[in-house]
Amino acid sequence: MQMWYSGYMSPEYVVYGQFSEKSDVFSFGVLLLEILSGERNSDFLMTEISASLLGWAWNKWKEGKILELIDPSIRETCDNNKATRCILVALLCVQEIPIDRPTMSDVSFMLSNETTPIHEPKEPAFRSSWQSQQLSDVSINEMTITLPKPR
């Protein structure tokens, strides 16, 4: 799904105006990634790193560099297993298709039970809108404002 920036809104809400319990799960996943990374999703808008925090997290996970997502100020002191688990749960929450996302009770269970297996996440929403095009290809609309002056 090629889309513009969404912030915390789920793709089904942005595109179709549909809201469900899985919309809240999506928002929670974005928030969890922001907390763990120390980055805001909106800080990635139109950057060369990624289209979004979700895309950056997905790329790091696919590259096997998931711990690089952790905020550098806590990276050395945090429990790597717990941090990895939190990131994977967050990636499950931001999957593009709502039915693929866990429920909030599943999220709570996965975060509180370290022995519960977590399956691999699928591609997150809002990952590739800017990655498929170079920033130099982006057109910026210009606007002219004319203020009337009395004679």
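Visitor: Is K60 buried or exposed?
Guide: Buried: K60 has a relative accessible area of 14%, and the cut-off for buried is under 20%. Keep in mind that this is a predicted model.

Visitor: Which residue does K60 form a salt bridge with?
Guide: With E68. The closest N and O atoms of that pair are 2.8 Å apart. E68 counts as partly exposed, at 35% relative accessibility.

Visitor: What else is buried around there, in α3?
Guide: Helix α3 covers residues 53-62, and eight of its ten residues are buried. Besides K60, they are L53, L54, G55, W56, A57, W58 and W61.

Visitor: And what covers them?
Guide: The cover includes α2, residues 21-37, and α5, residues 80-93.

Visitor: What happens to the backbone just after α3?
Guide: G64 takes a positive phi there, about 75 degrees. There's a glycine to look at just after α2 as well: G38 takes a positive phi of about 75 degrees.

Visitor: OK, the core. How many residues are in the largest nonpolar one?
Guide: It has 21 residues, and L33 and I87 are those with the most contacts inside it. The elements giving two or more residues to this core are α2, α3 and α5. The largest share comes from α3, with six residues.

Visitor: What does L33 touch?
Guide: Leaving out residues up to four places away in sequence, L33 touches L53, L54, A57, I87 and A90. L53, L54 and A57 are among the buried residues of α3, while I87 and A90 are among those of α5.

Visitor: Why would nonpolar side chains gather like that?
Guide: In soluble globular proteins, nonpolar side chains tend to be buried together.

Visitor: Which residues does the second core include?
Guide: V25, L92, C93 and V107 are included in it. That core is separate and has six residues.

Visitor: Let's do the helices, then. Which residues of α2 are buried?
Guide: K22, S23, V25, F26, G29, V30, L32, L33, E34, L36 and S37. They pack against α1, α3, α5 and α6.

Visitor: What should the span of α2 be, and what is it in the model?
Guide: At 1.5 Å a residue, its 17 residues should span 24 Å, and the end C-alpha atoms are 25 Å apart, which agrees.

Visitor: Switching to the surface: which residues make the nonpolar patch?
Guide: M9, Y13, V14, V15, Y16 and F19 make it, and its area is about 610 Å². V15 is found in helix α1, residues 11-16. V15 is partly exposed, with a relative accessible area of 38%.

Visitor: How much accessible surface does the chain have?
Guide: About 9500 Å², and 54% of that belongs to carbon and sulfur atoms. As for burial, 38% of the 151 residues in the chain are buried.

Visitor: Last one: how many helices and strands are there?
Guide: Six helices and zero strands. Among contacts between residues at least 6 apart in sequence, 62% join residues at least 24 apart.

Notes. Residues are numbered from 1 along each chain as its sequence is written. This is a predicted model: local features need pLDDT of at least 70, side-chain atom pairs count only at pLDDT 80 or more; totals for chains, interfaces and linings use all residues. Side-chain values use heavy atoms; hydrogens and water are left out. Buried means under 20% relative accessible area, exposed over 50%, partly exposed in between (1.4 Å probe, protein chains only). Helices (H or I, at least four residues) and strands (E, at least two) are DSSP runs, numbered from the N terminus. Contact means heavy atoms within 4.5 Å. A nonpolar core is a set of buried Ala, Val, Leu, Ile, Met, Phe, Trp, Tyr and Cys residues joined through side-chain atoms within 4.5 Å. Patches are made of residues with over 30% relative accessible area and no salt bridge: like charges are joined within 9 Å, nonpolar side chains (Val, Leu, Ile, Met, Phe, Trp, Tyr) within 5 Å. Accessible areas come from the Shrake-Rupley method with a 1.4 Å probe; for residues, only the protein chains shown count as cover. A salt bridge is a side-chain nitrogen of Lys or Arg within 4 Å of a carboxyl oxygen of Asp or Glu. The expected span of a helix is 1.5 Å times one less than its number of residues.
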